[in-house]
Structure formats: C-alpha cells, structure tokens
Amino acid sequence: MADITELPTTGEIGGPSPRVLRLVLRYRSDDPYAVSLCFPGPAVLDGLTVEDGGSIEDGIEWTVGRDLLDEGTRAPAGSGDLLVRPEAPGRVRLDFLSATGTATFRMAGADLRRFLDATKELVPPGTETALIDWPATADEFLSRIA
C-alpha cells in the first residue's frame with residue numbers, strides 16, 4: 001500500500017484575464033519519481049458552473065518529475081512541456097508549454113518547498129528505485145502495459 005502526501009494550495013494563472021486557481025500537489029510512494037499537479041475541475045450545481053468547486057478527479061492532472069520541481073525552486077529547470085523557475089519574491093513559476101500556446105502558473109515557493117520536503121520524508125532521494133515493483137521478465141512487463 002502506497003503512502004501518499006498531498007498539499008492543497010492556490011496560485012495565479014497568467015494571461016489576458018489572470019485569475020487564482022486551486023492546485024493539489026500529490027505524491028505517492030509507489031511512484032517515487034513522480035509528482036501529480038492536479039488542477040480541480042469546475043463543479044456543476046443545477047446547471048450552474050462553479051469554477052472553484054470541483055474535485056481533483058474531475059480536473060486536469062499533469063505528472064512531472066519530483067527532481068524537476070525540486071531543481072526549479074532554486075534555478076531554472078526543465079525542457080519540453082514544463083519549465084520551472086524561482087521568481088522573486090518567494091514565488092515559483094511553472095510554464096506549461098504546448099503546440100497551441102503557453103500557460104504560466106505562479107505559486108508560493110514556500111508551499112512547493114514544504115510539499116517537496118514532505119515527499120522526501122516519505123521517500124528520501126536516492127532510495128526511489130527500491131520502491132518500484134519491477135517486472136521480473138519481459139513477458140510480465142508486456143502484460144502490465146497491455
């Protein structure tokens with residue numbers, strides 16, 4: 001059974017009409033290299049959409065490397081779909097990149113640091129590989145991904 005740590009927080013998404021969004025950071029010890037960034041979806045109440053009322057299961061989830069987030073709290077890090085870097089004062093910037101554009105999300109650096117520290121208490125860096133249930137054979141590997 002996996003140990004899980006989560007941290008609900010908020011941040012600002014940039015653009016023509018910046019706004020505050022909820023974010024839930026989630027880490028599972030059975031997937032020790034990854035962190036889930038969960039942006040909860042809107043809730044619908046009697047046909048009325050409430051933007052900040054849904055569950056994390058109904059929203060958007062990005063899976064990223066724990067090391068990437070950790071590096072990005074100190075210096076610019078990442079390439080590809082996510083870039084992470086510190087911003088003053090005490091903020092961290094996450095740039096989500098796609099073929100259709102970029103979304104910039106800024107959050108409190110202290111929140112991200114507190115979350116990462118909690119993940120390191122669950123699984124200290126350098127011990128991740130011991131927690132992965134590696135398949136014993138190629139056939140077992142192929143059966144898991146089928």
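Analyst: In this predicted model, a helix is a DSSP run of H or I that covers at least four residues, and helices are numbered from the N terminus. Helix 3 spans residues 138-145, and L142 is found in it.

User: Why is L142 called partly exposed?

Analyst: The cut-offs are under 20% for buried and over 50% for exposed, with partly exposed in between. L142 has a relative accessible area of 48%, so it is partly exposed.

User: What makes R28 and D30 a salt bridge?

Analyst: The rule asks for a side-chain nitrogen of Lys or Arg within 4 Å of a carboxyl oxygen of Asp or Glu. Between R28 and D30 the N to O distance is 2.9 Å, so the pair meets the rule. In relative accessible area, R28 stands at 34% and D30 at 41%, so both fall in the partly exposed range. By this rule the model has 12 salt bridges.

User: How do you know that K120 and D70 meet in a salt bridge, and where in the chain are they?

Analyst: Their side chains come to 3.1 Å, N to O, and the limit is 4 Å. The pair links distant parts of the chain, as K120 is in helix 2 and D70 in helix 1, 50 residues apart.

User: Is D70 buried or exposed?

Analyst: D70 has 12% relative accessibility, so it counts as buried. K120, at 24%, counts as partly exposed.

User: What do R106 and E87 tie together?

Analyst: The side chains of R106 and E87 form a salt bridge at 2.7 Å, N to O. R106 lies in strand 9 and E87 in strand 7, so the bridge ties together parts 19 residues apart in sequence. Elsewhere, salt bridges with shared partners join D70, R74, R113, D117 and K120 into one network.

User: Which residues touch the most other members of the largest nonpolar core?

Analyst: They are L25, L37, L69, L82, L94, F105 and M107, and the core has 24 residues. Strand 2 gives the most to this core, with 4 residues. L37 touches, among others, L25, L69, L82 and L94.

User: What makes the bond between A88 and P89 stand out?

Analyst: It is a cis peptide bond, with omega about -10°. P89 lies in the loop between strand 7 and strand 8.

Key. Residues are numbered from 1 along each chain as its sequence is written. This is a predicted model: local features need pLDDT of at least 70, side-chain atom pairs count only at pLDDT 80 or more; totals for chains, interfaces and linings use all residues. Side-chain values use heavy atoms; hydrogens and water are left out. Helices (H or I, at least four residues) and strands (E, at least two) are DSSP runs, numbered from the N terminus. Buried means under 20% relative accessible area, exposed over 50%, partly exposed in between (1.4 Å probe, protein chains only). A nonpolar core is a set of buried Ala, Val, Leu, Ile, Met, Phe, Trp, Tyr and Cys residues joined through side-chain atoms within 4.5 Å. Contact means heavy atoms within 4.5 Å. Lists of a residue's contacts leave out its neighbours within four places in sequence.
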